[in-house]
Amino acid sequence: MKEKVLSHSLRMMSISGMSLALISGVQAQDNRTDNAAMQRVEVTGSSIKRINQETALPVQTLTRADIEKSGATNVESLIAALPSMQGFATANQTINGGGGGLQTASIHNIGAAYTLVLLNGHRLASYGAGSTVNLASIPLSAVERVEILTDGASTLYGSDAIAGVVNFILRKNQTDAAIDVSYARPQESGGKSYRIGLSKGFGELEKDGYNVLLSYSHDEQSMLNAGQRSFADTGVRRFSANGKNYATWFLSDNSSPAIAQLNFKNGADPILFSPSYLKDKTCAPNTFQVENRCRFDYASTVQLIPESKRDSLFSSLNYRLNSDTNLFAEAVVSNFKQTGRYAPAAQPLSLGLDSALFAKYVTPYLGTLGVNPADLDSARMRLRISDAGGRNTAYTTEAQHLVLGADGNAFGFDYNLSYTHSISKRSRDFAGGFLSKDKFYAIVDSGKYDPFAPAGSSSAILAPAVLHENWSSSKSTLDVLSLRGSRELFQLGGGKSQLGLGADFSKQRYDYFATPIGMGTNALQPNYTDAPLGDSPGDLPIAASRKNWGSFAELLLPVSKQFDVTAALRYDDYSAVTNSANFDEQGKPIASATQGNKADKLTYKLSAAYRAFDNLLLRGSYGTGFKMASMSDITSPLTHSGNTGGTYPCPVKAPDPRAVNCMGATQYDVLTGGNRLTGENGLKPEESKQATLGMRLEPLSNLSLGFDLWDVKMENQIAQLPEALVFGHPERYQNLFSTFYEQGQGGNILVGTLPSYNIASAHYRGIDWDHNFKTSTPLGKLNVNWTGTYLLMSDLDIPGSPTVHSVGRYDENNAVAFRIISKLVATLKTSDMFSHTLSMNYRSGYHDASASVREVNANGSFGDFVTVKRDVASYTTFNWQTRVQLQKKMALSFGIHNLFNVNPPLSLKEGNGDQVGYDGRYTDALGRTFYMTGSYSF
């Protein structure tokens with residue numbers, strides 16, 4: 001009831017124009033000149049060119065000076081430090097955490113898919129088949145400023161801008177040559193990084209009528225291994241909670257040397273032991289002794305931060321054709337490679353009771369174990385293939401982005417005409433540790449490989465089976481033709497009204513191909529038999545495309561000097577998806593097909609600002625948004641996606657032939673993929689309603705206070721049917737159960753398909769603040785900026801599952817929505833030469849994942865397994881920087897990240913690349929880090 005009242009109140013405020021804000025929050029794509037402050041410029045979130053001082057929506061602008069003070073070495077870390085950002089992908093998720101070399105932006109925890117990323121006001125090709133852009137493709141050294149609009153902007157930009165917009169503005173009109181360098185080194189070992197940037201400009205636009213800019217940058221990040229940090233170097237970490245002592249217990253029985261498992265005819269519990277331990281009474285490195293076996297401590301073998309390399313080239317051309325027309329061109333080419341490593345592959349192997357290995361490693365200890373050979377039914381080797389090395393995956397992203405256009409004035413309109421051609425290529429390569437299943441089993445069958453031998457003794461033997469080749473590749477292509485313009489209309493009490501109009505046409509294409517092992521990039525047939533050990537089998541290819549066109553109108557009405565209103569409408573029309581790489585459920589190629597639904601959508605936005613006094617601005621907005629289903633949501637082939645989280649009885653009954661593959665009450669395998677259906681059963685656009693209500697108060701000339709309440713509701717979100725719904729009520733979903741040939745297991749298995757439909761809804765609400773204070777002190781001029789987000793709600797509803805309340809807890813989706821994220825930055829400028837910046841970064845604590853741990857007895861021994869519920873502590877770090885302006889064109893900065901060397905707080909979460917003991921998505925694993933940056937222009 002309270003939510004309905006709030007929604008109704010906000011809507012009425014929007015309609016009546018009370019306390020609402022301009023849609024146009026941030027300065028954006030420049031008009032390519034640097035004239036006086038009263039010049040009209042285009043702003044992010046609006047098509048109308050207006051004077052800078054008129055902007056009103058809550059936004060954050062990071063200038064070049066802000067970027068330099070942050071000490072950030074790349075775009076990803078710069079964006080991740082903003083309090084309004086939650087729910088983005090981080091570098092450490094590349095380490096078996098599903099990141100895939102992707103780093104994203106996500107405003108207010110709504111998601112990267114709903115946060116539009118622009119480059120100079122233009123769309124970029126997505127990383128995959130959706131809309132998410134890889135921030136790693138954007139060179140930081142070329143960025144002049146960043147503008148973050150934290151209100152939905154679908155009315156101007158169309159789909160994908162429900163959460164807001166992040167617009168990267170690159171440098172322009174540079175005439176001199178410049179060198180930028182930075183180097184960072186943690187106090188402890190590992191994780192070093194450096195960056196170098198070179199740029200040169202030619203011609204002054206105002207004087208010469210043209211400007212050309214060339215910019216190149218290269219940066220590298222060294223890996224950080226778990227063994228280099230005490231808070232993450234083992235899966236057995238002792239801790240205290242609720243007055244008792246415990247230990248985490250992240251260990252595996254798939255070990256190196258192998259653990260022997262003995263199975264009995266009478267069904268008794270198996271016996272597991274390490275022959276190497278019974279022989280030598282010691283355990284090998286990266287293992288942990290438990291009774292008679294050495295369990296593998298996989299957490300000690302992973303990376304915490306992957307290594308990466310990036311090369312970027314940016315160039316721009318601005319040419320003044322005449323007093324009314326400018327021609328421009330922009331090009332960005334970048335190559336980003338990130339390699340993550342996690343634990344060696346685990347692979348149980350059968351061990352024949354009459355084999356030589358059994359006689360050598362098991363028979364001598366049967367008496368010690370009290371085992372009668374006649375009671376044995378079978379035996380297995382629980383193996384960790386350490387001699388193949390840790391599993392390394394290299395992700396390479398190649399971005400190519402070209403914009404051609406013209407802007408100026410014609411027929412009374414300020415116009416901008418542009419064509420964008422953007423490409424994003426992604427390659428995933430095996431870079432060690434993964435093995436060809438066929439070659440590995442051939443080596444095992446030959447008898448050359450001894451799983452019980454000490455680690456390191458079989459590396460040469462296994463080398464022919466280790467994979468160093470491409471596993472999959474994709475290419476996303478975006479072409480956009482856009483025309484927009486604005487002009488003044490009639491006079492009102494506060495000035496002339498303004499009209500903005502625009503239209504755009506775009507075509508998106510997505511190609512995906514998984515390379516069959518050992519068949520090279522020219523392999524076309526999907527019926528290959530080999531599979532990688534340590535990963536899932538490959539997917540079928542995709543060759544999908546679709547088109548859309550949209551048009552919009554925006555009207556600004558300055559009703560009085562104190563009050564103005566903006567109204568905007570947009571209409572979009574999307575075609576269905578054409579998939580020319582089409583396969584049936586058995587993996588057989590069929591003709592090209594139209595898949596999914598075509599759709600059209602009308603969205604609107606009402607916004608206004610009321611300047612009650614010279615020092616008080618009231619603002620707000622109400623609007624609608626939408627997001628089209630991504631092409632991967634529609635076209636992705638069915639793939640094996642692991643097994644159910646719960647245990648279920650067989651979902652089919654005899655005499656149904658599928659029942660042959662039943663295994664009783666167990667965890668069943670599942671398939672996931674796109675929804676290719678049309679009509680009512682196909683996917684429809686997701687829809688949103690969003691509102692903001694805020695204020696900006698300046699009680700003193702040197703103090704500015706800003707608060708903004710925001711609220712986003714989403715309906716018809718695309719989500720998978722929950723397994724509990726499908727397997728819990730199999731009689732309703734018999735069409736979703738089938739047999740599936742699983743390459744890794746080499747046979748048919750019974751699986752359930754979990755398709756996606758528009759069944760979910762979500763609700764997000766919070767308060768952003770942005771305060772600034774300036775004063776003079778005996779030591780110099782002090783500037784203090786305090787920003788933050790207080791998250792009130794982040795809820796997800798899927799039928800058949802409990803509502804996921806994410807704020808302040810480790811939720812069912814293995815993620816955290818922080819109640820409070822805050823950043824305080826204080827800069828003291830002691831002279832024209834020296835300035836000093838101290839910043840504080842804060843994240844509130846949260847309820848940890850419920851975890852099974854072991855009690856630690858008073859004598860230090862390990863006791864029973866128990867389930868512990870605890871809280872993760874809040875996390876606060878400080879950074880320091882001193883900047884020295886040696887001369888007008890030369891500056892040096894010296895700084896320390898994590899000044900007090902605060903370790904990440906303990907988290908009992910499991911997963912994300914086998915990293916345990918902390919959550920690397922939200923914390924700094926490097927610790928205290930010293931850095932230096934320098935810039936010189938000539």
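**Ground rules.** I worked from a prediction, where local features need pLDDT of at least 70, side-chain atom pairs count only at pLDDT 80 or more, and totals for chains, interfaces and linings use all residues. Residues are numbered from 1 along each chain as its sequence is written, and side-chain values use heavy atoms, with hydrogens and water left out.

**Ring pairs.** I looked up aromatic pairs and found a count of 25. Rings of Phe, Tyr and Trp (its six-membered ring) pair if their centres lie within 6.5 Å; planes under 30 degrees apart are stacked, over 60 edge-to-face, and the rest tilted.

**Phe727 and Phe737.** Their ring centres are 5.2 Å apart with planes at 80°, so I noted this pair as edge-to-face. My cut-offs were under 20% relative accessible area for buried, over 50% for exposed, and partly exposed in between (1.4 Å probe, protein chains only).

**Phe878 and Phe900.** This pair is also edge-to-face, since its centres lie 5.6 Å apart and its planes meet at 80°. Here Phe878 is partly exposed at 26%, while Phe900 is exposed at 54%.

**A cluster.** I then followed ring pairs that join Trp249, Phe288, Phe862 and Phe865 into a cluster.

**Charges over rings.** For these, NZ of Lys or CZ of Arg must be within 6 Å of the ring centre and within 35 degrees of the ring normal. Lys200 lies over the face of Phe202, 4.2 Å from the ring centre. Arg843 lies over the face of Phe818, at 4.9 Å.
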